[in-house]
Amino acid sequence: MACLTSVIEPLRAANEISNAHMFEWILISEDAKKVISSAGIGFDPDVGLRDVGDLDYLILLSAPTARFTDRRSAAQLRLIDRHGTILGAISGGVFPLVRSGVVLKDRLSVHWCYEAAFAAEFPEIPRSDEVIEISTQRITASGAAAAFDVALNLIQTALGGDVANEVACWFQHPMMRKAGVRQTLPVRHTIDPDTDLSPIVSRAIKIFAEDLSNPAAVADVAERLNITPRHLERRFKQSTGQNPTRYFRHLRMQAARQIVMYTNDAIADVAAAVGYANAKPFVKHYRSAFGLTPQEDRKRINLYRVESNLPVPSV
């Protein structure tokens, strides 16, 4: 719901500020039936996907686990794409966008909490950690705030920077982010939550995250940074309160949880995706990190979705 309104409201405000009816929008659902958001609020669509007319943009919003209920829907999206509509997605909407078959080599913005699941399902699709990605054919945003930035970019293109700036000020949106801005990721701090990561620690995390299926040893990371493992450990302690081994394990567990939550991959395959040759130590570390096994976590999440209609987490 936040992703939807973050696109519509800036466009509405732009029409009002400019005293022009520049933007119009309609709500589309796959089968023209009412859609219940993750907050439990219903939205009545204007039209079903099969009856869509000419559009400049078609933006998909959904949970990453959502699947087409009609096998013809993917073909319909491909047809719309061939007729010149720019297809895009916000947050979890990138999953059905790719599943439709319209994406070949397009670089897509993927929210960090979905990155591991996305990579596991679509290893051949270029993914980006930037808040938005805009090209001649695609427009993707990582989350609700990023969707607001997409709307501001559309307003700037159509009505100029002054209107876009005034819209941003209306909603107290501090700045209009364009392509090239990376997503902000949560960082675990156990000493000082206001401490910034040092450049060395940031580079070390980036090196380690390059291939979680074959994780680099701490000594190898230090060697690539031209420092000693001891120096790297001191820097990690200063920035995060943890040694690099423990911090890197946390990264692997976070990636594993994404795959558990947003795919149906076997637990052995999840373990392999984050660098465990054997599922037993993986399950032990997962339980230590989250208080339950991957199997229990997946069962809990799926039950929560069924009972509450929630795409966990909602972003």
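Figure 1. Glutamate 16 is exposed, with a relative accessible area of 52%; here, exposed means over 50%, buried under 20%, and partly exposed in between, using a 1.4 Å probe and protein chains only. The model is a predicted one, in which local features need pLDDT of at least 70 and side-chain atom pairs count only at pLDDT 80 or more, while totals for chains, interfaces and linings use all residues. Residues are numbered from 1 along each chain as its sequence is written, and side-chain values use heavy atoms, leaving out hydrogens and water. The side chain of glutamate 16 meets that of arginine 12 in a salt bridge (3.2 Å, N to O), a term that asks for a side-chain nitrogen of Lys or Arg within 4 Å of a carboxyl oxygen of Asp or Glu. Arginine 12 is partly exposed, at a relative accessible area of 31%. The two residues sit 4 apart in helix H1 (residues 2–18), so about one helical turn separates glutamate 16 from arginine 12. Helices are DSSP runs of H or I with at least four residues, strands are runs of E with at least two, and both are numbered from the N terminus.

Figure 2. Arginine 72 pairs with aspartate 70 through their side chains, in a salt bridge of 2.8 Å, N to O. Arginine 72 is partly exposed, with a relative accessible area of 39%. Over in helix H9 (residues 229–240), glutamate 233 and arginine 230 lie 3 residues apart, about one turn of the helix. Their side chains form a salt bridge too, at 3.9 Å, N to O. Glutamate 233 is partly exposed, with a relative accessible area of 29%. Salt bridges that share partners also join Glu9, Arg12 and Glu16 into one network. A search of the whole structure finds 14 salt bridges.

**Figure 3. Helix H12, from its cap to the glycine that follows.** Asparagine 278 caps the N-terminal end of H12, placing a side-chain oxygen 2.7 Å from the backbone nitrogen of lysine 280. The 12 residues of H12 (residues 279–290) should span 16 Å at 1.5 Å a residue, and the end C-alpha atoms agree, since they are 16 Å apart; the expected span is 1.5 Å times one less than the number of residues. Which residues of H12 are buried? They are Phe282, Val283, His285 and Tyr286. Seen down the axis of H12, these buried residues fall within an arc of 165°, so they line one face of the helix; the arc is taken from the directions from the helix axis to the C-beta atoms. On the other side of H12, Lys280, Lys284 and Ser288 are exposed. Glycine 291 follows H12, with a positive phi near 85°.

Figure 4. Threonine 293 is found in the loop between H12 and helix H13 (294–308). With 8% relative accessibility, threonine 293 counts as buried. Leaving aside residues up to four places away in sequence, threonine 293 touches Val283, Tyr286 and Arg287, where contact means heavy atoms within 4.5 Å. Val283 and Tyr286 are among the buried residues of H12.

**Figure 5. The chain around these views.** The secondary structure comes to 13 helices and 10 strands. Of the 315 residues of the chain, 44% count as buried. Among contacts between residues at least 6 apart in sequence, 61% join residues at least 24 apart.

How values were computed: Polar contact = N/O pair within 3.5 Å; in protein donor to acceptor, adjacent residues only side chain to side chain.
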